[in-house]
Amino acid sequence: MTPNPATITAGDSQSYTAQGVDSFGNPTGDVTSSTTFSIAPDGSCTGASCTASVAGAHTVTGTDGVATGMASLTVTVGSFAKLQLLVPGETAAPGTGSGKTGPPSIEYVNGPFNVMVNAVDQYWNVVTTSGGNPINDTVHFTSTDGSAVLPDPDPALSSGTGTFSVTLETVSNPASTTITTSDATDGSKTSNTSPAIEVIIVYTASISPADAGTGQATNYTLTVNNAAAPNANTLRSVKMAIPAGAGFGQQHVCERGCIPGAR
């Protein structure tokens, strides 16, 4: 099979010719028209022309049902076209429609988490250089959570990629909060927005003692605990509901995660 090896840019095609040979390597004629071509680990072939959109090493195989030949094809990244934003739970998937797979993880109010921003070509392959220079563009973040703590000042990519901390401050349940990143250096690059992220507060509460004798004056303790990290939310008030006609005072001690005097 020729050419072997060959190199194309993501999304381009390479045409092949299949040559039959005998057991001694002597050519027996062109067998391209009777050969079926395929490409792995991804891509497709139409007749003798093969294409792939995911950068990396590929193998093109040709077979006529009796003999088989193989050729090496290298797919290189295209030019910097847009940004890719990956939030926790998402994995990069170049060559797909969205460029990523997996649902976003549930986040906690006031719990910082890292997001990744990549410079990518039109097929979501990470691009590290442009015109021979590292891509160090500055990126800007926005969010539908108006209270979100976003990178400030705008950070820069390092050779086409960067990891940055974000903290969401507003409950979003069901999921509705999104994060968007755009290229502050070059406005021609397409921005990218995350899927809707669910943001919750998680805590446990208990009252002790659980039982008290009839007519016995009792002091109660209400204890509120945050869930484990990264949930960093601290409740600002806690209410204790006393059933009507219970016949005892509304005494309580405010311990963790609430303001003394709150009810």
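This is a predicted model: local features need pLDDT of at least 70, side-chain atom pairs count only at pLDDT 80 or more; totals for chains, interfaces and linings use all residues.
## Charges over rings

The charged end of Lys189 sits over the ring of Phe80, at 4.8 Å from the ring's centre.

## Aromatic pairs

A pair of aromatic rings is described by how far apart the centres are and by the angle of the planes. Searching the whole structure gives two aromatic pairs. In one of them, Tyr16 and Phe37, the centres are 6.5 Å apart and the planes stand at 25°, so this pair counts as stacked. Tyr16 belongs to the loop between strand 2 and strand 3, whereas Phe37 belongs to strand 5, and the two are 21 residues apart. Both Tyr16 and Phe37 are buried.

The pair of Phe141 and Phe164 is edge-to-face, with 5.8 Å from centre to centre and 70° between the planes. Because Phe141 lies in strand 17 and Phe164 in strand 18, this pair ties together parts that are 23 residues apart in sequence. Phe141 counts as buried because its relative accessibility is 4%, and Phe164, with a relative accessible area of 10%, is buried as well.

## Strand 17 and its partner

In a regular strand, side chains alternate between the two faces of the sheet. Strand 17, residues 139-143, has a covered face made up of Val139, Phe141 and Ser143, while His140 and Thr142 are on the uncovered one. Strand 17 runs antiparallel to strand 20 and is joined to it by five bridges, and within this pairing Phe141 stands opposite Thr181.

Conventions:
Residues are numbered from 1 along each chain as its sequence is written. Side-chain values use heavy atoms; hydrogens and water are left out. Buried means under 20% relative accessible area, exposed over 50%, partly exposed in between (1.4 Å probe, protein chains only). Helices (H or I, at least four residues) and strands (E, at least two) are DSSP runs, numbered from the N terminus. Two strands pair if DSSP finds at least two bridges between them. Rings of Phe, Tyr and Trp (its six-membered ring) pair if their centres lie within 6.5 Å; planes under 30 degrees apart count as stacked, over 60 as edge-to-face and the rest as tilted. A charge sits over a ring if NZ of Lys or CZ of Arg is within 6 Å of the ring centre and within 35 degrees of the ring normal.
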